[in-house]
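Here is a short briefing on a two-chain model.

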Amino acid sequence: MEKYAVFVPKLVTKRENFAPGHRACTGCGEALAVRLACKALGQNVIIVSATGCMEIVSSPLPYTSWRVPWIHTLFENTGAVASGIEAGLKVIVRKGKRPAKEVKVVVMAGDGGTSDIGLQALSGALERGHDFLYVCLDNEAYMNTGIQRSSATPFGASTTTAPAGKMSIGQVTWKKNMPAIAAAHDIPYVATACPSYPFDLMAKVAKGAAIHGPAYVHILSVCPVGWRSAPDLTIRIGRLAVETGIFPLYEMENGKYKLSIDLPQLRPVQDYLKLQGRFRHLSEETIKEIQYRVNKEYAKLMEKVA
Amino acid sequence: MVTLTIDGREVQAEEGAMVLDAARDNNIYIPALCSNEAIKPYGACRLCLVEIVTNGKERLVASCLYPVEEGLIVKTNSERVMNNRRTIMELLLARCPSLEVIQDLAKRLAVDKTPFKLEDKRCILCGLCVRACEEVVGVSAISLVNRGIDREMASPFYEFPDACIGCGSCAYVCPVETITLEDVGDTRTITMPNPKMQKTEFKLKKCKICGNYWAPEKQLDYITKTLSLAPEIFDVCPDCRE
């Protein structure tokens, strides 16, 4: 459970760097995540936004929701563009054309832009050790093009390209463990967050931005349209994802793992699955299989934490 | 709207806004430790000193407390400002040499050593926690007591603060991260930087359905009382609530 309840939210900055009035759907967890992340980042940032929901909803010509410098990139070259901007900033400072000021390059990309199409550019940027923060907004499918499966789609979820039916249970592969891939690059900071835990999310984004070197924050963003859930349950579904152990919140700092939300006991995965239409077709056997896998993955994580 | 000049740049600010906010809105860096936009400015840390020109005379003011004026000329990095700021930073560094935030800020302001006698305090007496407790939470459980060199942040008579509801606002708002909050099992411990104070521990409420501990009992009692809610409303945690 998050520590801060009613009074602390009043102390958070009221300045919105991600302006309201954008075109995100009702109950969008991703827009919430971006808003909180932008509050934590402040103004001295350059945001590099890959193609995806947040690019589509925030920048319909001639409007923009971004009150900070922002550049749109393709799916596949986000990591490369961020590297270029970071290197460019360094050169401009070295040549004395701009005073040395801390400007952070922050990438915001969806799960498709991170774990499928943009993976090699990201891997290259992490390997070269550029000073940037990568924020992956994971809504577990290609939502803006019409809910096509990605490698981040969980087992058993029904999508338009992995539909559930008589002969299929929907997605038949397990979710790619993207934070582990980022951590395998031996970067200084990797964390997972969820907008249902806003203070935890803001602290992790701020920490990632403050660290010198590449940092990676993976944010689970509930998508009521693609997950076929009620828009008013966005926050609850996010919390349940954490409490069932499906998406544990942790951070890895210089190889040391730490659990952010330590629960005495996990809820059954059923609590999380039953609120979403994309898992409606699942038989009890499949749910058991998911539960077994979740327990196994959680135990693996606990080994790393200990 | 009011037009003023900060560091040679003409900027616009709303009437009644402070110079610090106007500068920050325009991405002009002024260091400050004791400011938070939800809390009334207080001018305790003095790091936000700037030089203003009024009637042809230059003087130093705390920018967090100086409202913007039409045609005001502000300098945030003149030699006089930098000298004063460095001295203040040296004093803070001498008072709290072990605090990471102070060390980082000193490095940023190019202060690497201090000519003053070193102390080992863990509080800079900015009063943010005290003001948050009073203005935002409305309980005034802690206060700044004594005067001069004896000034410190404390609860009444250094005893367990009865008014405290364990919300953690002080820990969140503390600019030097010296107030800490930790939940272990069914107790929440808030550690204050004043060694004379008793430990502040709170019992956490257990959810009737899932059995997780989720908020201090005192805080929930305070909320039920101030909002006149039904007493059983917080028996279950927000996740189990229908």
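The points below cover the chains, their contact, the cores, the helix packing and some backbone details.

This is a predicted model, in which local features need pLDDT of at least 70, side-chain atom pairs count only at pLDDT 80 or more, and totals for chains, interfaces and linings use all residues. Residues are numbered from 1 along each chain as its sequence is written, while chains are lettered from A and ligands numbered from 1 in the order in which they are written.

**Chain B overall**

- Chain B has 6 helices and 11 strands. Both are DSSP runs numbered from the N terminus: helices are H or I with at least four residues, strands are E with at least two.
- Along the principal axes, the C-alpha atoms of chain B fill a box of roughly 65 × 45 × 30 Å.
- Of the 242 residues in chain B, 36% are buried. Buried means 20 or more other C-beta atoms within 10 Å of the residue's own, exposed means 12 or fewer, and partly exposed lies in between, with C-beta atoms placed from the backbone.
- Among contacts in chain B with a separation of 6 or more, 52% join residues 24 or more positions apart. A contact needs C-beta atoms, placed from the backbone, within 7 Å of each other.

**Where the chains touch**

- Chain B gives 23 residues to the contact and chain A gives 19 residues.
- On the chain B side, helix 4 (128-137), helix 5 (169-173), strand 8 (180-184), strand 11 (213-216) and helix 6 (217-226) each supply at least two residues.
- The chain B side has 14 nonpolar, 6 polar and 3 charged residues. Nonpolar covers Ala, Val, Leu, Ile, Met, Phe, Trp, Tyr, Cys and Pro; charged covers Asp, Glu, Lys and Arg; the others, Gly among them, are polar.
- Within helix 6 of chain B, Lys218(B), Gln219(B), Leu220(B) and Tyr222(B) are buried. The buried residues of this helix pack against strand 10 (200-206) and strand 11 of chain B.

**Nonpolar cores**

- The largest nonpolar core has 79 residues. A core is a set of buried Ala, Val, Leu, Ile, Met, Phe, Trp, Tyr and Cys residues joined through C-beta atoms within 7 Å.
- Helix 1 (residues 29-41) of chain A gives the largest share of this core, 9 residues.
- A second, separate core of 66 residues includes Tyr4(A), Leu47(B), Ile165(B) and Ile190(B).
- Val106(A), one of the residues with the most contacts inside the largest core, lies in strand 3 (residues 104-110) of chain A. It is buried because 24 other C-beta atoms lie within 10 Å.
- Beyond its neighbours within four places in sequence, Val106(A) touches Leu41(A), Val45(A), Ile47(A), Phe132(A), Leu133(A), Val135(A) and Ala209(A). Val106(A) and Leu41(A) are 65 residues apart along the chain, with C-alpha atoms separated by 8.9 Å.

**Helix packing in chain A**

- Helix 1 and helix 7 (residues 198-210) of chain A pack at about 50 degrees, with axes 8 Å apart. Axes are lines fitted to C-alpha atoms, for helices over the stretch in contact, and angles run from 0 to 180 degrees between N-to-C directions.
- Helix 1 and helix 7 of chain A are therefore oblique to each other. Under 35 degrees counts as roughly parallel, over 145 as roughly antiparallel, 65 to 115 as roughly perpendicular and the rest as oblique.
- The residues of this contact divide into 11 nonpolar, no polar and 1 charged.
- Helix 3 (residues 78-94) and helix 5 (residues 119-128) of chain A pack at about 35 degrees, with axes 6 Å apart. Their contact divides into 5 nonpolar, 4 polar and 1 charged.

**Backbone details**

- The peptide bond from Leu61(A) to Pro62(A) is cis, with omega near 0 degrees. Pro62(A) sits in the loop between helix 2 (53-58) and strand 2 (70-72) of chain A.
- Glu140(A) is not a glycine, yet has a positive phi of about 65 degrees. Glu140(A) is buried, with 27 other C-beta atoms within 10 Å.
- Leu125(B), also not a glycine, has a positive phi of about 60 degrees. Leu125(B) is partly exposed, with 16 C-beta neighbours inside 10 Å.

Notes. Two residues are in contact if their C-beta atoms, placed from the backbone, lie within 7 Å.
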